Every structure is written in structure tokens, then in C-alpha cells.
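Keep the sequence and the structure in view while reading.

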Amino acid sequence: MCGIVAAIGSRKVAPLLLQGLQRLEYRGYDSAGLATVAPGQLHCCKAEGKLVNLREKLEKTPVAGCCGIGHTRWATHGKPDARNAHPQLDEAGQVAVVQNGIIENHRPLRQHLEQRGSRFNSDTDTEVIPHLVAQALANLPDTVPPTDRLRVAVAQAVQQLEGAYALAVIWLGQPEELVVVRYHAPLLIGLGEGEFFCASDTPALADVASSIVSLEDGEMARLTPLGVELFDGSGQRIQRTPQPLRGGNYTADKRQFRHFMLKEIHEQADVAAGWVERCLAAPIDEGLTTALQNVQRVQLLACGTSRHAALVGAHLLEQLAGVPSSVHYASEFRYAPPPLLPQTLTIGVTQSGETADTLAALTIEMERRRALEPNSPPRLLGITNRPDSSLGRLVPHILDLKAGVETGVAATKTFLGQMLAFYAIALHMASQHQSASAQVTACRQALAQLPEQLSRMLHAMDQCCADLAHGFAETKDVIYLGRGINYPIALEGALKLKEISYIHAEGYPAGEMKHGPIALLDQHVPVVSIATPGPVFEKVLSNAQEAKARDARLIGIGPVCADTEIFDVLLPIPSVPELVSPLLTVVPMQLLAYHVAAHRGLDVDQPRNLAKSVTVE
Ligand code: G6P
């Protein structure tokens, strides 16, 4: 993961780098650092913990220079401390590097460098890079002109690297340039007024650049105060037309809420309002209508919360539209894709549009499809909140969640948006297939009520969940049960709780509880059970009774009715058709996880060890 920024121009660069890093902190926040270069001096400043610590350090000891690189880290190799923070330097302190990715062959490279006398200061995989660049610089023949030396040395160094990386390099020997490289990790160049930037993602370029150039894998760029030169993998100059940087609102404001996550949970009624219009409209999107024509089966690729949305999506596609659908962990699919079948639509679901495993799985699928059906464009669709992301550049069709900036690392409103995107797709495909018409009508009618219901429920439910959270002070394990279309919501409820409260939680299909998890139950293990009227309602209630018989505290999520009286506590949802219920049952899940974590005084928006966008394998 990690976020990198670099800038060069005529202004003092450190404040620009800090501003860029602030916008990339969602990519990692366990340590941060920057390095600047000016004639005769290379300064490096690093701090453990969040960016605020680096900012404070820089206030006490400002760094000079109009050229620099910055990094916000999510540790892969080496503990999150200042020593392992980036930039990493060569032994002489003349070359500084920031990197996002993983250098898979760093061990043999390091061993080789150590045998030749290099001494290392960190446990990172990145540190080999400044050593390799410094070594290449030392060995370059005098015939290489000064303005080419850093680029050529970096090119020689990266030839030795295996893995996926985006990196930016500065060098004391040439203080008016910086060199950047991209290989299977995101990196964009930003063009401003007499100043040039590079960053892992567009928010870091907003406000400073008016257009962007994206680098392809293996490409390099040399940035100076005069402009940007692009090179392909063989060192040949290439040209690429810059694209205007589409204005997005990247500034996040908590409004009256204590945390971003709580604000974003409450924004779900607005997300629903936008989507309901799109779900009920036909066609949803012109390009998409073509992509959905004659689809015989759908495969869904995703990670984390997005995978849970995909599970809801597959249920809808099968039960509403009658289209066989399968959901795959992107990280598994990329190494064991199922046999190819014709007329298959592949959907990548990722709120960030940057998850490395999802992008890699989609790339593999695209290549396989091209080989199987060379005469027709591969049917690939992306569902994301960031149409300007790597996903947007990879797949031919994008369904934009339009959920607005989500700052909390734990996804909430983007999850609701992803589910709604699947209602839109499934309803559209159902109309193509003319299937399940009574269910389709009921679903459409229920969706029309959703924004209003969500809005009322969010207000009523917040305090209920806050009160309930007090009872979780000593809780160590929680079981979440759901069935059918609400099974993924049980998974999501458990994931939310784990992510932000660090309480162990597991989601199970309610019918599976007696095959193992029931052994865990006693009075210390609460069971959260989703019970919405439908074909298996009675069975879900029986499963809940089984838990109650083992002294577990039963928390129900469902409509108020005589049957739901068995619960010790009921978090009530409006009575809706079961197929639409996940859009409501998810809310108490999110609010409960939020209040338990907030009550424990935890960092809800930036939980330990996580990041919003996972750009490593
Ligand atoms: C990380 C985040 C999760 C997210 C997952 C997939 O692990 O912490 O909240 O669900 O990545 O992210 P994506 O951007 O692909 O939806």
C-alpha cells in the first residue's frame, strides 16, 4: 500500500508534499516521511505514527528545497517506526527513494549488496533501491551527460527488481530533477503552472495540477522545473497527451459528527436516493446496456467488504434475473481462475478502484477472454466509487457509485452503494430475461421507499446501538448469523466489528451454526441474528433459539412482530420484501460496530493495521 508524492518547481516543496500526503493518508498511516534536495544539501525527515507527527517535526526543523519526495506508509517489511519509514537513503545519504509496492527479490539483492560492503539501516525491502541507484551512478561512464545520469541509473536499478512498485527518486548530484517509475502499482504525473508533481492517486494532485499523465507499467518520467519527459522501458522518449484533471471534491468534513465513519453511515439515505433513481430508470447507462446484452453468466471479483456486496449481488442476479453467478476472492481467482465459459460477464467490485488483487484478477480475465474470443471485446465491468482510478483505466465499462468521498477506512456508504449498483444491474437483467416479474415489481416498489426509510431508521437506530454498545465492554467474541441474501450482511457485520473494535467476530449462515460455531457459545458470546420474514424465517428463529438455549445473549435485527420477541434486544427494521432487506439490515450492523469501537475509545476512522486501499498483493 502506502502513498507517494513528489513535487518540483520554484516554491518551497515541503508544504506541498505534506498537503499531498494528507490526501493519501487513507493508503497507510503508520509512519510518514519526506526528503528534499537543494544545491549541496539533501534533507530527510521521518516520523513514526500519523502524518501529524511528521508535520510537528517539520515545524520545529523546517527543510529547504524546491524538489522533494514524500511517503505515508502501511508497513509490509519492517516494523512501523521512523527507521523503516520512507524515504530510504543510500549509505552516503545522496540518493533518496520513496516506494509503494513490494520488492519481492529484496533478500538476494540485499545479500549481494552487503557482500560488496553496503550497510543497511532498515528492515525494509525498499532500502535496496537507493543502494542500487547509488551503485549504478558510481559506475556510469563519464560519457553519460549529467541530465541523463539519474534516469539511467534508476533504469539500471529497476532492471534488477522483481515485484510490483511505484517509486520516486531524488539525488544530491542533480538537485533540480526527480525520476519516477511505475510497475504494477499506481502512479500519476500532475502538470501545474511551472511545477510538476507525481502521486499515487489523484486527490494528492487536486489544487496543484490542472492535468494529469498516467504512466503505464515499465515507464519512467524525469521531472524538472522546466517540464516532464516520459520514457518507455527501453529508455526511448515517448509522448502522451495530458488529460484534464477532473475536479473532484476531495476535502472531507466531519460536519457535526464525532467521526467520519458515523457521518458516512448517516449519508447513506442520500446515497440511496441517488441510486434508487438509477435503479428504477431503464436503461441504467447506455454503454452498460450493451455490456449486459446476451449475458449467460456472471462472475464477480472482489476483496473485503466489496466481496460481501458481490455476494448480495450474486444472490440478486440469480434470484431476480435468473443469471447463474459466482463470487471469487480476487486474490484466489488470480492464481486459480475457473474454466472459461462463453458469454460471461466479469464484474470487478472495488470502492477504491486500486485494490491490487482485484486489478490483477481482472487483467488476467481480460487476457484470457481476448484469447478465447479474439473478435469480440471482453465483457468486463467495474463497480467503483473512483471512476478516475486504475480500475477506470482498465475496464471498458464503469458503474460509478457516486457515494461521495469516503474517509473512514471501514467502508459503509460505498458498501450500500455497491449493493444498490447490483439492484440496478439485476433489475435491468431481469427485464431483459423477463424473469420473476412479481418479485421484480415488489423490489421496485420497495426500493422507491428506501431513502425515506433509511433516513428515519438512521435517526432512530443511532441511540439504540449506542446504548447496546455499553454491554460490549468486556466482549471478546461475537457470532453473526444470517441466511440467504442476509448471509453476506452477517459477514459484513462481523467484519465491521473486527476492523474497528478489534473484537473477534465471525459471520455464519444461520443453518451452519450447529455444525461447529455453537461450541463457542456461552453467556459471554453475544449472537447477532438477522431475522427477516421470508421462506426461512422460522428456521432462522429456530437457530436463534438454539443459541439462546446455550445462554448466549441474543440480539435480533428484523421487523417488530410476535416472532421476534425471542430476542433479548431487537434492532428493528421496517417490514420490507426479503430481497430488499440487506439495504436496511446493514445499518444496525454498521452502527453497532461503530458505537462499540467509539465506546472503547478506539481510532474508528483509522483503525490499526488497515488502509482504505490495498495496493499490494
Ligand atoms: C481494504 C479495506 C477494506 C476493503 C478492502 C477492499 O482491506 O480496509 O475496507 O473492503 O480493502 O477494498 P476495495 O477498494 O477493493 O473495495
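Contact here means heavy atoms within 4.5 Å. The model is predicted. With that cut-off, Met 419 is in contact with Ala 309, Val 312, Ile 489, Pro 582, Leu 583 and Val 586, leaving aside its neighbours within four places in sequence.

Met 419 belongs to the largest nonpolar core, which has 92 residues. The members that touch the most others are Ile 347, Met 419, Tyr 423, Ile 425, Leu 447 and Tyr 480. Helix H13 (residues 413–433) contributes 13 residues, the largest share of this core. Because domain 2 (254–448) and domain 3 (455–617) both give residues to the core, it lies between them. A second, separate core has 28 residues, among them Val 95, Val 133, Val 154 and Val 181.

The domains give the overall layout. The chain is divided into domain 1 (3–242), domain 2 (254–448) and domain 3 (455–617). Taken over C-alpha atoms, the centres of domain 2 and domain 3 are separated by 24 Å. How many residues of domain 2 are in contact with domain 3? There are 43 of them, and they are in contact with 37 residues of domain 3. Between them the two domains bury about 3,400 Å², with 66% of it on carbon and sulfur atoms.

Polar groups also take part in this interface. The rule finds 16 residue pairs in polar contact across the interface of domain 2 and domain 3. Helices that each supply at least two residues of the side of domain 2 that touches domain 3 include H6 (260–266), H7 (268–280) and H11 (356–372). H9 gives the most to that side, with seven residues. The count of salt bridges between domain 2 and domain 3 is one. The side chains of Glu 406 and Lys 612 meet in a salt bridge, at 2.8 Å from N to O.

By the rule used here, the count comes to 25 salt bridges. One of them joins the side chains of Arg 182 and Asp 217, at 3.1 Å from N to O. Arg 182 lies in strand E8 and Asp 217 in the loop between strand E11 (211–214) and strand E12 (220–224), so the pair ties together parts that are 35 residues apart in sequence. Arg 182 is buried, with a relative accessible area of 13%, while Asp 217 counts as partly exposed at 35% relative accessibility.

Another salt bridge, at 2.7 Å from N to O, is formed by the side chains of Asp 357 and Arg 334. Asp 357 lies in helix H11 and Arg 334 in the loop between helix H10 (330–333) and strand E18 (344–349), so this pair ties together parts that are 23 residues apart in sequence. Both Asp 357 and Arg 334 are buried.

Glu 452 and Arg 456 also form a salt bridge, with the closest N and O atoms 3.3 Å apart. These two residues both lie in helix H14, four residues apart, which is about one turn of the helix. Glu 452 counts as partly exposed at 47% relative accessibility, and Arg 456 counts as exposed at 54%. Elsewhere, salt bridges that share partners join Glu 177, Arg 222, Glu 229 and Arg 237 into one network.

Glu 177 is found in the loop between strand E7 (163–171) and E8. Is Glu 177 buried or exposed? Glu 177 is buried, because its relative accessible area is 0% and buried means under 20%. The side chains of Glu 177 and Arg 222 are joined by a polar contact of 2.5 Å. Apart from neighbours within four places in sequence, the residues in contact with Glu 177 include Ile 8, Cys 67, Pro 146 and Leu 223.

A few places stand out in the backbone. Most residues other than glycine have a negative phi, and most peptide bonds are trans. His 184 is not a glycine, yet has a positive phi of about 55°. His 184 is found in the loop between strand E8 (178–183) and strand E9 (188–191), and counts as partly exposed at 46% relative accessibility. Lys 402 also has a positive phi, near 50°. Lys 402 has its place in the loop between strand E20 (397–400) and H13, and counts as exposed at 60% relative accessibility. The peptide bond from His 86 to Pro 87 is cis, with omega near 0°. Pro 87 is found in the loop between strand E4 (67–73) and strand E5 (88–89).

Notes
Residues numbered from 1 in each chain as written. Predicted model: local features only at pLDDT ≥ 70, side-chain atom pairs only at ≥ 80, totals over all residues. Heavy atoms only, no water. Core = buried A, V, L, I, M, F, W, Y, C linked by side-chain atoms within 4.5 Å. Buried < 20%, exposed > 50% of the residue type's maximum accessible area, 1.4 Å probe, protein only. Domains from an automatic or database assignment. Buried area = accessible area lost by both parts, 1.4 Å probe. Salt bridge = Lys/Arg side-chain N within 4 Å of Asp/Glu carboxyl O. Polar contact = N/O pair within 3.5 Å; in protein donor to acceptor, adjacent residues only side chain to side chain.
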